[in-house]
Number of protein chains: 2
Amino acid sequence: MSELLEKCTAAKNAAQLMISVPSAVKDNALEAIADALVECTGEILEANKQDLENAEANGVRKAMLDRLRLTPERIAGMAEGVRKVRDLNDPIGEVINMWTRPNGLQIGKKRVPLGVIAIIYEARPNVTVDAAALCLKTSNVSILRGGKEAICSNTALMRIMQKAAYGAGIPEGALNIIEDTSRETATELMRMNGYVDMLIPRGGKGLIKSVVDNATVPVVETAAGNCHVYVDGDADFDMAVKIAMNAKVQRPSVCNAAETLLIDKAIADKFVPIIFKKLQDAGVEIRADKAAMDIYADGVREASEEDWYTEYNDYILAVKLVSGVDEAIAHINKYNTKHSEAIVTDSYTKAQKFLNEVDAAAVYVNASTRFTDGFEFGFGAEIGISTQKMHARGPMGLEALTSVKYIVYGDGQIRE
Amino acid sequence: MSELLEKCTAAKNAAQLMISVPSAVKDNALEAIADALVECTGEILEANKQDLENAEANGVRKAMLDRLRLTPERIAGMAEGVRKVRDLNDPIGEVINMWTRPNGLQIGKKRVPLGVIAIIYEARPNVTVDAAALCLKTSNVSILRGGKEAICSNTALMRIMQKAAYGAGIPEGALNIIEDTSRETATELMRMNGYVDMLIPRGGKGLIKSVVDNATVPVVETAAGNCHVYVDGDADFDMAVKIAMNAKVQRPSVCNAAETLLIDKAIADKFVPIIFKKLQDAGVEIRADKAAMDIYADGVREASEEDWYTEYNDYILAVKLVSGVDEAIAHINKYNTKHSEAIVTDSYTKAQKFLNEVDAAAVYVNASTRFTDGFEFGFGAEIGISTQKMHARGPMGLEALTSVKYIVYGDGQIRE
């Protein structure tokens, strides 16, 4: 039996047992995991050192090395994250509603685990801990498949978590990591129908595309974010500057950062010089349409059609002048990835129109797109940000890791 | 441009416009559709006659001919179904909850359409009307791809519905049928990422397997039902007989009918002869395990391992004796398709255990599995019964055809 099939089989069996594990046992296990991570800091750093050495030998680029590197502080942070997950309310078992039918049947809609959740991600060992903790909290079994660059760190982290969790009463097989990091095995995992109830890819475009193309198990697509800020003619200027800057430069590498700024022609003459100067002072490269360049062209590059589609994740911003909220909405709905979109305006009508007509997971009036995040939304956790419309949309907290089951109480009802 | 791409493009554009169509316009359109179906009965029957003639010439079997055949009564029934959908509450626009964050951001979770829903189904013209009406009611655009045997009926029905709906103010492109019924085009439809937000297969195992294997767009898997009734040692005998009979024989061809009866050994000596006789009197073929045959073997065939997996959809029932609720649950979780499962018992503890531990969309105590149905659950409609855990589980009413969007009201918030 292959490693994958063996672990999927164990996972499926454990999923059945997880249904009966009380909340308190799960919380104790999370506590034990947090303690163990801190206690085993030396062991984790040793494994991580091996990954870092291999990565350097293979010429892995610096940004990836940074994400791969663990320190005692980062390990303590991971443990702290696990404790925060422990402290959240357990959504499992909640009966969302219950009603009685005319024939006397009482029907309740109860929140239950999804079962087995597979997560495919890149070389970020923190995801190993994070994903395992969120799945455990929601009585789901996790099958993790991380990037090959982090395999030593990931297996060490998993070994430590398994020992702690199983020691605290979690059924064996509830936490799994696939040690074979070949592409073929990843593809096989995407096709384990009957074993995997949900697959979440966490990572760059290439990974997500590969999952969407190859998976036959149910997938939640995450994270590509081509987000827009539209500064309307009725915007408060200071607020518009503040929001546009924040959405672009506060952390350009993340999916909820803005990639295109749309500016109402009605205020472009005054607004463009102010915001372009500020953006350039912050080190942002501007790619603007001709109309904007007619106002301010110094150091600005002309945008191509390609730019409207691009998620830079970098200090680059596309800028386009539009003739008002309708053109802004049309542009966004054509080019966006349905992630996060903002309008800055003091017009009630235009704000409502934007909220209604823009097709995205999160639509903002007078706030930065950077708030699309499970923690900022108050969910207390996040397994990813869904950009599809089925099952979960936007930041996925604990509830997104649950399914429902109808429980029906009868007293002999049959169908006539 | 192919018919498929043309219609998908029109559908995507219409989906954007559908967002702004008020409830009253949708309801008027549904009313207009119902009226038009009745008025155009002659035209529909004419098209249906063509399908029936082709089907007979191609040697299509009688059961399929029956499903294919339309009559004035059946058309009136379809129109009546559309009026019932019109009368349901519109779920679109509901703000499910709204909260304020410490920074003052007000975040609301609003119910929105999924967008474009594709439905692939077999030779049942009633699905054409039913699916189009449910999608329209929920502001979704439908792309229907029915079986080739019903193509004349389906195109006639669609032409009539389009004329009525567009005349009542629904944007053109909101209702679509794919006239090219080739397998290749169906497969292409399953891979129209960026155009199709949800794909629902409605039909037999072969169709569903083909969709699961080939689709890259998000899918809701429906309908295979290997359902069980477990008669516990603490069951009321009369109730157990009534429920077991109802679950098997009231309508054996449907997915929520029982396929296996599990009987507690504690009462088998008394219960087996009674229920076997009744089942045989009702024309049911029994395939039992050895233990049951030791009690009653007359006309009973021995069950094979294969039988435990089989959805007969027919007057056939597999029967197995079990040593109590634990073995019943283990058997069900091993062989079922996560559809509908019932226990008959007067034991509070065993009832709760069964409800908690059986993994299925609907779990019953002392009622027939036959109630798993959008109408019987009180949803007023049903687009199918989901047997997957993501997005929707069990009977899918209007809410299953919706997504959510976070709407965020700020007053200048930026992320620090």
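In strand 16 of chain B, B:Val408 is the bridge partner of A:Tyr364. Helices (H or I, at least four residues) and strands (E, at least two) are DSSP runs, numbered from the N terminus. Strand 13 of chain A and strand 16 (residues 402-413) of chain B pair in the parallel sense, over 5 bridges; two strands pair if DSSP finds at least two bridges between them. The model is predicted: local features need pLDDT of at least 70, side-chain atom pairs count only at pLDDT 80 or more, and totals for chains, interfaces and linings use all residues. Residues are numbered from 1 along each chain as its sequence is written, while chains are lettered from A and ligands numbered from 1 in the order in which they are written.

The contact takes 57 residues from chain A and 58 residues from chain B. Two residues are in contact if their C-beta atoms, placed from the backbone, lie within 7 Å. Strand 16 of chain A gives the most to the side of chain A that touches chain B, with 11 residues.

An open sheet of 10 strands, with mixed pairing, has the order 1(A)-2(A)-16(A)-13(B)-12(B)-7(B)-8(B)-11(B)-9(B)-10(B). Strand 1 (95-100) of chain A and strand 10 (301-302) of chain B stand at the edges, each with a single partner strand, so one side of each is left without a neighbour in the sheet. Within chain B, strand 9 (residues 285-288) and strand 11 (residues 316-322) pair in the parallel sense over 4 bridges. The bridge partner of B:Glu285 in strand 11 of chain B is B:Ile316.
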